[in-house]
Amino acid sequence: MTREEKEIIVKDLSEKLATTNYFYITDASTMSVASINQFRRLAFERGLEYKVYKNSLIKKALDTLEADTTALEGILKGSSGIVFSAEAGNAPAKLLKDFRKKGNTLPLLKGAYIDAGIYVGDDQLDTLTNIKSKFELIGDIIGLLQSPAKNVVSALQSSGGKLAGILKTLSEKE
């Protein structure tokens, strides 16, 4: 690969990292090509993107970000791939867990960048799968706000039915 080709890759990767709030760096060092392609296909089906890069190019691209990513630079050893997610911060973590449920032990999670938060190590995978997306949080808040209103409406409806029954009974007695 020529120097110009590397510069183009670093520029493209830098732009992608800058515009993506969520990305996971994985260890793909001992994965077969078939396994990588299977993982890539599963990622594509879920609206995610997976690409394998040279560590030196990832490091140069991370240096261009405004956030402090020095913790991620320390994990760049072996072959590394990046899972990009535009929607949810937990989607790549769920992808990794589901891929492992199918009998695959790789790829391992090296690190993750979620809204300027950095998580390092495969042991963080359970924590990352439990992070709620923006849309899940909004749904929870709407549910919490609607529940008191539903209680008031149901109480009024049930009370109204009782009142109508009492009035009907009284009118029949006369």
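In this predicted model, Ile 142 sits in helix 7, which spans residues 134-173. Its relative accessibility is 42%, so Ile 142 counts as partly exposed. Together with Phe 135 and Ile 138, Ile 142 makes a nonpolar surface patch. The patch covers about 290 Å².

Nonpolar side chains also gather in the interior. In soluble globular proteins, such side chains tend to be buried together. Here the largest nonpolar core has 21 residues. Those with the most contacts inside this core are Tyr 24, Met 31, Phe 39, Tyr 50, Val 83, Leu 95 and Leu 128. Two or more residues each come from strand 1 (22-27), helix 2 (33-45), helix 5 (91-101), strand 4 (108-114) and helix 6 (125-129).

Met 31 was examined individually. With residues up to four places away in sequence left out, Met 31 touches Ile 36, Phe 39, Phe 99, Leu 106 and Pro 107.

Helix 3 comprises residues 55-63. Its buried residues are Asn 55, Leu 57, Ile 58, Ala 61 and Leu 62. Viewed down the helix axis, the buried residues of helix 3 fall within an arc of 160°, and therefore line one face of the helix. Their cover includes helix 1 (3-19), helix 4 (70-73) and strand 1. Strand 2 (49-53), strand 3 (80-85) and strand 4 also contribute to this cover.

Terms used
Residues are numbered from 1 along each chain as its sequence is written. This is a predicted model: local features need pLDDT of at least 70, side-chain atom pairs count only at pLDDT 80 or more; totals for chains, interfaces and linings use all residues. Side-chain values use heavy atoms; hydrogens and water are left out. A nonpolar core is a set of buried Ala, Val, Leu, Ile, Met, Phe, Trp, Tyr and Cys residues joined through side-chain atoms within 4.5 Å. Buried means under 20% relative accessible area, exposed over 50%, partly exposed in between (1.4 Å probe, protein chains only). Helices (H or I, at least four residues) and strands (E, at least two) are DSSP runs, numbered from the N terminus. Contact means heavy atoms within 4.5 Å. The arc is that of the directions from the helix axis to the C-beta atoms. Patches are made of residues with over 30% relative accessible area and no salt bridge: like charges are joined within 9 Å, nonpolar side chains (Val, Leu, Ile, Met, Phe, Trp, Tyr) within 5 Å. Accessible areas come from the Shrake-Rupley method with a 1.4 Å probe; for residues, only the protein chains shown count as cover. A salt bridge is a side-chain nitrogen of Lys or Arg within 4 Å of a carboxyl oxygen of Asp or Glu.
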